[in-house]
Amino acid sequence: MSNASIEAIAAKSGQPFPGAPNNWRRFFSFSTDHKVIGIQYMVTAFVFFLIGGLLAMVMRGELITPEADLVDRTVYNALFTMHGTIMLFMWTFPVLNGLSNYLVPLMIGARDMAFPRLNAAAFWLVPVFGTLLMVSFFVPGGPSQSGWWAYPPVSLQNPTGNLINGQVLWLLAVALSGVSSIMGAVNFVTTIFRMRAPGMGWFKMPAFCWTVLSAQMIQLFGLPSLTAGAVMLLLDLTAGTSFFDPARGGDPVLYQHFFWFYSHPAVYVIILPIFGTFSEIFPVYARKPLFGYRFVVVSSLIITVLSAMVWVHHMFASGTPSWMRMLFMFSTMLISVPTGVKVFAWVATVWGGKLRLDTPMLFALGGLVCFLFAGITGVMLGAVPFDIHVNNTYFVVGHFHYVIYGATVMGVYAAIYHWFPKMTGHMYYEGLGKLHFALTFIGVNLNFFPMHPLGLMGMPRRVASYDPEFAYWNVIASLGGFLLGVSTLPFILNMISSWILGKRAPANPWNAIGLEWLIPSPPPVENFEEIPIVVSGPYGYGSDEPLVANNPAGELISEHS
Amino acid sequence: MTTPTTPKEPRSLSFRTVAQLVALAIADAAISLWVGRQAYLWMPPQASAEAVLVDDLFGFLTTIGSFIFLGVSAALLYSVLFQRAGKYDTSDGPPVEGNLLVEILWTTIPLGLVIWIATYSFQIYDKMAILGPMEHMNHVPSLGLMPPAEAATLPAVPEKTPIEVHVRQWAWEFRYPDQNITSTELHLPVNERARLKLISEDVLHGFYVPAFRVKQDVIPGSAIDFGFTPIREGRYRLRDSDYSGTYFAANQGVVVVESEESYQQWLADAAAQPLTEADNRAFREFTKAGDRPISPGWKTVEPAPPPRVNFASAEEESYE
């Protein structure tokens, strides 16, 4: 935007440049506006969330009886492989990238991300590798059936004999997903380092941006390892190399190191922005500053560092010598300390506040309780002797889903409801939101709590059939799974109808503190008429200090508020 | 770290508040101890010496976990119930930004807890003296993690030939080299440390007997020494714990723990039997035409033919 007059026109019209679509079509264009890209990410991800959820519901249908009687075993194996892959690579990463894309520039007072075209390119890779994954349902032999870990030698077995098979497409998609995520990570880290508004020192930056920074730094050090593992596996599968094939002298355990060196830290890539969301939402709806702000934000960085030292706890039962088991037991448990700091800080933030139980707050509270439960079972899993018993059982599946659905998905919902008025300029329907919360919270606990007793009893994960003693808890889990499916309906209805028909949203419907609430809803292209000059910290609830020294909305603020 | 920017109301802890907090903590501890004792009931029968140790650890972890979960969620629930803003109240809560003492406390207490849990877990692990793959140990200096005095709490590993556990897609087969017996049922004498050699013939599998609380991945290309001590007679389920392809779920077996006399009798009986074809669920399902659930007919790795063994397990017999 070098031309001042174009800039002025663009800001007024909401168009990135003259002639660009200024209606729903902009979401289907190669827009470089971080807000458009953010919403593109989130909507695309949600579509895949529904697909991944449908696969899960077929699985829960299969598991409602002990026998493998609903679908063939090969189909079941493909279902859990694709469910895991889609939910991680097509839902959680993209939806959080979308949320971060939308919020980070607004929160730090920037007009866009550092590299807008790279940003758009990173997004457009998502539908590309998503399509690649979906196509694998239609190749002979079907999609990959080796689980989302793709452990060799199972992932190297290719009974169809075809060069193009589900596993090859899977590996290509995962490698492309890595490329997209690296592009995103470079952009986020640069943006946060270089584009903060004047006056926004590190300790005046919102906690959400700290968590995005921490998470994206994990992507930068971890993803090369996953991508290397995927490429080596691809070469083993197609080009006759033998990195991981024991029949030809390779080491299958080596793959596990490559895989988990990224894929455990990846859990923190997912959960850190959710921690950020909690840190943003609790102060608003408790009307109090974030308790222990500096402890909370620094703990994110500590999690980033520690996350690089925990991967072997996934391999306690594989080829792992004792000294390594002990070392990683301790490092795994250690990560609960910075995490615990955050949990206690949120409780202290809520405690003694003036609580408003709007939908975002309900989802954040529900997510926090689920996360607390998951954290406790996580420490249990770190204890080697106990882990040896429940490793690869449903206990782990339950723990993981409390993190991923209980905390992450509920955290994403909290964020979507909280920032929906900002994103769309419309208010959502509170009643539908609360119904959505109630169904989700009950569904999560019905679905994922039973997995813990199942695991303790010894039911392995990834089984299409099981012994009859596991039937009772499986029936409950399946009912919970179907309820979770139903729970998305009021959400979809709410989002579509309120975006079209909802009441107009003011600039700051929650009376919240933050740069994004100082500009109109939805924000114009390039966000700020005047770059804000930050003069105080991000959570000044109860104090009368102004956040900024100028009016970032310029004259526009009067048009919408 | 962060100090309040506006003066706080002076808050001194009254005797009554302290008494209430102590009472709540005692109630929380009592409930948690009770939950921790229930934890033993959630587990399969304790059929090995290792199971006793693991269950003690799990009971301990459950007690601590319950204490934290109940304490934190009760605080949240109290806030939600009693600290709501009035309908037209748009004012802010007290601007408390932090409290250095509290923040240091809640960093050091979890750190102490983690060290406690890790140390206790290590002691349990040490007593279990799990062998697992040892070849990696050659590359590192001994860290003295397993002093012999601790390991001596369990019966010493007897100098006997290990029973070979062969696993493939998808069958378990057990070979007793001294007696030249093969079986699809693993028989072990009670109260004697079992010694196994785990061998995979194709992909990763996992040797897992929930009643024993032991598990070890079986990695193709290496024979893995594995040991544990069964302490309770009975029939127990052996499961494949590491995803091994199409018929993974069907790859199960039975472990029989019996008295020394019955064990010797079984060895003698089995040695006298000729090789017969054992039942094999994966092979049976693969070859059975029709009668299939929704199937696109995707190709699968063909299951190995049923093993020919001296003693074939009867799948339908009960187990724990």
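Author: This is a predicted model, in which local features need pLDDT of at least 70, side-chain atom pairs count only at pLDDT 80 or more, and totals for chains, interfaces and linings use all residues. Residues are numbered from 1 along each chain as its sequence is written, chains are lettered from A and ligands numbered from 1 in the order in which they are written, and side-chain values use heavy atoms, without hydrogens and water.

Reader: What volume does the largest cavity have?

Author: A cavity is a set of points on a 1 Å grid over the protein atoms alone where a 1.4 Å probe fits but cannot get out, and its lining residues have an atom within 4 Å of a point. Its volume is the space filled by probe spheres set on the points, which are joined across faces, edges and corners. For the largest cavity this gives about 310 Å³.

Reader: Which residues lie nearest the centre of the largest cavity, and which elements give two or more residues to its lining?

Author: The lining consists of 27 residues, and nearest the centre lie A:Gln145, A:Val154, A:Gln157, A:Asn158 and A:Pro159. Helices are DSSP runs of H or I with at least four residues, numbered from the N terminus. Those giving two or more residues to this lining are helix 3 (73-108) and helix 5 (166-194) of chain A.

Reader: Is A:Cys209 buried or exposed?

Author: Buried means under 20% relative accessible area, exposed over 50%, and partly exposed in between (1.4 Å probe, protein chains only). Because its relative accessibility is 0%, A:Cys209 counts as buried.

Conventions
On a 1 Å grid over the protein atoms alone, a cavity is a set of points where a 1.4 Å probe fits but cannot get out, and a pocket is an open set with protein on both sides within 12 Å along at least five of seven lines; lining residues have an atom within 4 Å of a point.
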